[in-house]
Every structure is written in C-alpha cells, then in structure tokens.
Amino acid sequence: APESFEQDFAFMAEAGYAHELLNKGRMRSATFWNPAVFESLATYNKDRTLITHLRHKADTPEASSELFVVNCHLTAGPEAGRRLRQMHEALDTIRKEQNKAKATPTPPVVVVGDFNSQGNSAVRHLLLNQEVTPEFRESGDPTERGVQGQQITSKTRKQTVGPFQDAYARAYESGPSPATLVVPLLDDKMVHQDTGAITADVTEQVRKMFGKFSSDRQVMTRPEVEQWLLTINKVLGRGSEYRSAMKRMEERGAEHMTFDDFLSVYESELKEGKFWGVEYDLGVVNGQGMAEPGSPPFEATFDYVYYTTQTLKVHSVQEVLTQAETAAVKSGSRLPNEWHPSDHLPVTVTLQFAAEEA
C-alpha cells in the first residue's frame, strides 16, 4: 500500500537501492535500481504503468547505455481494450521522449509486470508484432469468457519502440511457460459460465456475511459497514469494497446499506474477475469460502518479462517454483501461504545489453 510502502520496503533502501513508485491509482508498481550501477534520468507516471528512464554507468561515457523500464499492473477483468491502451500509451511515451531528445536509435526497453491476461492477447500482439489492427481478436485466455470474438480497438495501434520477446517463452520454447498465478479454482462456483450472474451458493454465503454485521438482518448501519470493511481490509479507506460501499450509500443518500446494496458490491467484484478476493472475504468473515479442499488449483500465466530483441539478450531465467514447492502447491498448500506471501509467483530474468554479449 502507498501508505506503508517506505516501511514495507525499508530493507531495499538499507541494501542501497533507489526506487520510483507509481504516483497514482490503487495498483502502484515500483521499480528499484542500484544507484551505483544506474543513474535515473526521468520517470513517467501513466495509467497503471510506471516508466523509468535509466542510464547504465560505465567506465567511459562512450560505453554507457540507456534503458527504459515499463513496470505495469494492467487492468483486470474483461478490459482488453483498456489494457491495450495502457500499454500503447507507455510505449508511445518512450517514442515521444526519444523524439524530443532527437535520440536514435531507441534505447533498450524492458516491459515487466502483471498483465492480467494470457494467451494471444492484444497487449502481447502489440509487443511481439508492433501493431494491433481492428481485425485482431484475442484468443487463448479461459479467464476471458464471453468476450472472445469481440473487437479490441477501432483503429490500428502501433508501436515503434521495437519488436519484443517474452523471456520465459524463449527459455521454455519446447513447452508452455510456467504458471505465475496458482489459486483455488473458483469461477465456476461463483458465477454462471453462460451469463456471468452470481450463483445461488455465493449469494447465500454473502447473505451469511451480511448477517454477521447487520444487527437487525435488514440493513447495515454505517458503523456496521465500517466494521465489515475493517474485518476484510484491516483499515478503512482501502480496497474496492470500500469504494463500492461508499458509492452505494452516497447514491442512496443514506447512512446504511441494504442486503441488495451489499450483494451488488460482490457482484461488481466478480464481474471484474476478483474471485480470489471474494473468496478471501468469505473465508475471513464466514470461516469458509467456496474452495473445495483437494480440488485442483486454477493456474494462469499473468506475469511477464518482455525485452527488445535488437538491444537486449537473455542471460538466464529463474524457475518460479522449485520442484518441491510445485508439488506442495499442487497437493494442497495453496498460495498465499506461510512460505510465499502472494498468489502470484515471481518472474526473474537476467538480461544483458546486446553489445556486451561475448
């Protein structure tokens, strides 16, 4: 969280790293670098992307190299068009800044983060093929039900930063890249696959949660709403549930929420694909969510490292889990857990400037 970021990552400062934190929005990416190795030249804050312009310090000015890092946490849910606009804006920012500086060619660029999509997405197509036309259609992402075949953009989106490569796809070219999200399989238990409507079982669980805080089982007063929010989010003022609840009370001009208001908060969460967030809330309040012990997990590849192929080379990639950790996760030790604090797994790549390749 932005409020606790400096404290949470004090260990990085103690290790000598400098950083930039995205200055807006809820999902704030952060980029760290070693100031003994890199000098920060500029930072650009865009829609869910943080662009950091760095210069690699070398023994001589002639040997120094510049580098752009695009760190992203793109919009989740059925928002392919917005994700494409977010990535296009970031890459176009680099193009514009290079044009202003009359710098050619464009320095190496690394694009990393949570893309909230997989398969042949518009963002991936833009990075690999440098353009997305109105005829393009996404495919290969089972989490994007109901949107296959839809137009993503009404006009051609191009980027001239250069063709990119997916570092893990290159390393695992003989097979699929590893999953970076391993969580309980929940979507078919929470929403009807044909309509996207919330299921009766989840509605009952949400009603049970409502009853935990509503003293009369009819409405939740503002203090009761705040107690619910503190229970699931630990502090007031954070989380999409908080924003939805405040919006609904404001729209009603009331200091309370009905069950329909309360249910609509979770309907919105599910519409945005936040199955695991809803599962967390149910577990915290009711003691049990919708996950069935022993059922296979849902696996997806949402996190990537892309690099410009003409200016960077992959030196190595790290497995996201050891064989023992993979076996533990698939046998029931779901993420997050006592040894891994996130439902996402880290992607780690060592890159080198192409000119330095031996």
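**Close-up views of a predicted model**

Figure 1. Six strands form an open sheet in the order β3-β4-β5-β6-β14-β9, and their pairing is mixed. At the edges stand β3 (38–45) and β9 (164–166), each of which pairs on one side only. From one strand to the next, the twist averages 20 degrees. The model shown in this and the following views is predicted.

**Figure 2. The pairing of strands β4 and β5.** Strand β4 (residues 49–56) and strand β5 (residues 65–73) run antiparallel and are joined by eight bridges. Within this pairing, L50 stands opposite N71 in β5. Both strands belong to the six-stranded open sheet, where β4 and β5 follow one another in the order.

**Figure 3. Two helices that lie across strands of the sheet.** Helix α3 (residues 80–100) lies across β3, β4, β5, β6 (109–114) and β9. Relative to β4, helix α3 runs at about 35 degrees. Helix α4 (residues 122–129) lies across β6, β9 and β14 (303–308). Relative to β9, helix α4 runs at about 125 degrees.

**Figure 4. A salt bridge between E39 and R55.** Side chains of opposite charge can pair when their charged atoms come close. In this view, E39 forms a salt bridge with R55, and their closest N and O atoms are 3.2 Å apart. The pair links distant parts of the chain, since E39 is in strand β3 and R55 is in strand β4, 16 residues apart. The structure holds 14 salt bridges, and the pair of E39 and R55 is one of them.

**Figure 5. The crossing of helices α7 and α11.** The axes of helix α7 (residues 200–213) and helix α11 (residues 275–286) come within 10 Å and cross at roughly 45 degrees. The two helices are therefore oblique to each other. Their crossing is left-handed. On the side of α7, the residues that meet α11 are Q205, V206, K208, M209, K212 and F213. Their partners in α11 are D281, L282, V285 and N286. The residues of this contact divide into five nonpolar, two polar and three charged.

**Figure 6. The surroundings of A354.** A354 is placed in the segment after β16 (348–353). When residues up to four places away in sequence are not counted, A354 touches Q310, T311, L312 and K313. A354 and T309 are 45 residues apart along the chain, and their C-alpha atoms are separated by 8.5 Å.

Notes: Residues numbered from 1 in each chain as written. Predicted model: local features only at pLDDT ≥ 70, side-chain atom pairs only at ≥ 80, totals over all residues. Heavy atoms only, no water. Axes fitted to C-alpha atoms, helices over the stretch in contact; angles between N-to-C directions. Helix = DSSP H or I, 4+ residues; strand = E, 2+ residues; numbered from the N terminus. Parallel < 35°, antiparallel > 145°, perpendicular 65-115°, else oblique. Left-handed = near helix turned anticlockwise from the far one by under 90°. Contact = heavy atoms within 4.5 Å. Nonpolar A, V, L, I, M, F, W, Y, C, P; charged D, E, K, R; others polar. Pairing = 2+ DSSP bridges. Salt bridge = Lys/Arg side-chain N within 4 Å of Asp/Glu carboxyl O.
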